[in-house]
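Here is a briefing on one protein chain and its ligand. Please keep the model open while reading.

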Amino acid sequence: MSGASARDDGPHDGPHDGTAPATLFLLVGLPGAGKTTLARRLAAAHGALRLTPDEWHLPLFGSSLRAEGGRDVLEGRMITLALQALRLGTSVVLDFGLWSRDERSALRRLAEGAGARCRVVYLPVALDVQLARIAHRRATAPGETFPMAEADVVSWRERFEEPGAGELAGEEVPDPPRGWPTWAAWALDRWPALEVGEG
Ligand SMILES: Nc1ncnc2c1ncn2[C@@H]1O[C@H](COP(=O)(O)OP(=O)(O)O)[C@@H](O)[C@H]1O
Ligand SMILES: [Mg+2]
């Protein structure tokens with residue numbers, strides 16, 4: 001049989017036969033930016049696995065935002081799963097928000113280690129648009145989201161670290177923060193239950 005396969009008729013990057021590197025899409029943005037909406041589109045367009053922790057967080061932990069560390073464990077297991085999929089040649093959309101540059105750098109490096117490409121996809125959103133979208137979602141899909149106070153939304157905007165041009169262009173990952181030998185070591189501390197090895 002030639003290299004063509006039934007998968008070639010879809011809008012995918014390429015066949016999932018190990019010949020084309022998979023892509024890790026990192027969705028970056030605040031609540032209401034439109035991440036999950038875009039994540040669904042990217043997953044369909046690239047034949048990618050979409051990992052949206054909020055869809056698991058709510059049934060597991062309810063609307064408690066940090067859920068006493070459970071959220072970090074959940075994300076750690078999702079990243080582990082993402083790395084497995086990438087090694088198998090399947091692209092992944094990580095619908096995490098990723099407010100911190102260090103988180104993004106660590107994930108970019110882990111993707112490299114899994115032999116995958118990585119794309120940082122940033123969705124900026126103005127405060128008024130953000131508040132309107134959060135209210136719209138609360139009204140139309142209350143089961144998909146957390147209650148959010150306007151004061152919290154405003155303070156989150158200050159904590160959010162906008163991706164820089166280098167991250168968006170896929171430039172080289174910077175060195176890990178002082179005291180960390182590798183980004184993998186940093187990631188294992190940030191996300192309990194993460195496994196970065198083969199398998
Ligand atoms: N580009 C867009 N234009 C208008 N509304 C949007 C857009 N993207 C998302 N929305 C709506 O805004 C709300 C929040 O979108 P969502 O994708 O859930 O954001 P996030 O996952 O970043 O919190 C939803 O009600 C969604 O339908
Ligand atoms: Mg979302």
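The notes below cover the sheet, the ligand site and a few single residues.

This is a predicted model: local features need pLDDT of at least 70, side-chain atom pairs count only at pLDDT 80 or more, and totals for chains, interfaces and linings use all residues. Residues are numbered from 1 along each chain as its sequence is written, chains are lettered from A and ligands numbered from 1 in the order in which they are written, and side-chain values use heavy atoms, with hydrogens and water left out.

An open sheet of 4 strands has the order β2-β3-β1-β4, with parallel pairing. Ligand 1 has Gly32, Ala33 and Thr37 among the residues around it.

**The sheet**

- Helices (H or I, at least four residues) and strands (E, at least two) are DSSP runs, numbered from the N terminus.
- Two strands count as paired if DSSP finds at least two bridges between them.
- Strands of a sheet pair through backbone hydrogen bonds, either parallel or antiparallel.
- Here the 4 strands run in the order β2-β3-β1-β4, and the pairing is parallel.
- β2 (49-51) and β4 (117-122) are the edge strands; each has a single partner strand, so one side of each lacks a neighbour in the sheet.
- On average, neighbouring strands of this sheet are turned by 20 degrees against each other, direction ignored.
- Axes are lines fitted to C-alpha atoms, for helices over the stretch in contact, and angles run from 0 to 180 degrees between N-to-C directions.

**Strand β1 and its partners**

- β1 (residues 23-28) pairs with β4 in the parallel sense over 6 bridges.
- Within that pairing, Thr23 is opposite Arg117 of β4.
- β1 also pairs with β3 in the parallel sense, over 4 bridges.
- Phe25 has Val93 as its bridge partner in β3.
- How many residues of β1 are buried? The count is 6 of its 6 residues.
- Buried means under 20% relative accessible area, exposed means over 50%, and partly exposed lies in between (1.4 Å probe, protein chains only).
- Thr23, Phe25 and Leu27 point one way from β1, while Leu24, Leu26 and Val28 point the other way; all are buried.
- Helix α3 (residues 70-87) lies across β1, β2 and β3 (92-97). α3 runs at about 160 degrees to β3.

**The ligand site**

- Which residues are around ligand 1? They are Leu30, Pro31, Gly32, Ala33, Gly34, Lys35, Thr36, Thr37, Arg133, His136 and Arg137.
- A residue is listed if one of its heavy atoms lies within 4 Å of the ligand.
- A polar contact is a pair of N or O atoms within 3.5 Å; within protein, one must be able to donate a hydrogen and the other to accept it, and residues adjacent in sequence count only if both atoms are side-chain atoms.
- Thr37 places a polar side-chain atom 2.6 Å from an oxygen atom of ligand 1.
- Gly32 has a backbone N or O atom 2.8 Å from an oxygen atom of ligand 1.
- For Ala33, a polar backbone atom is 3.3 Å from an oxygen atom of ligand 1.
- Ligand 1 exposes 560 Å² when taken alone, and the protein buries 66% of that.
- Accessible areas come from the Shrake-Rupley method with a 1.4 Å probe; for residues, only the protein chains shown count as cover.
- Gly32 and Val129 are 97 residues apart along the chain, yet their C-alpha atoms are separated by 8.2 Å.
- Val129 is in helix α5 and is partly exposed, at 33% relative accessible area.

**Positive phi angles**

- Leu98 is not a glycine, yet has a positive phi of about 45 degrees.
- Leu98 is in the loop between β3 and α4 (101-113) and is buried, at 3% relative accessible area.
- Ala193, also a residue other than glycine, has a positive phi near 75 degrees.
- Ala193 is in the segment after α8 (183-190) and is partly exposed, at 35% relative accessibility.

**Two buried residues**

- Phe146 is in the loop between α5 (127-140) and α6 (150-159). Phe146 is buried, at 5% relative accessibility.
- Contact means heavy atoms within 4.5 Å.
- Not counting residues up to four places away in sequence, Phe146 touches Asp54, His57, Leu58, Gly62, Ser63, Leu65, Arg71 and Arg138.
- Glu167 is in helix α7 (residues 165-168) and is buried, at 6% relative accessible area.
- The Glu167 side chain reaches the backbone nitrogen of Gly164 at 3.0 Å.
- Leaving aside neighbours within four places in sequence, Glu167 is in contact with Arg101, Arg104, Arg108, Val120 and Glu162.
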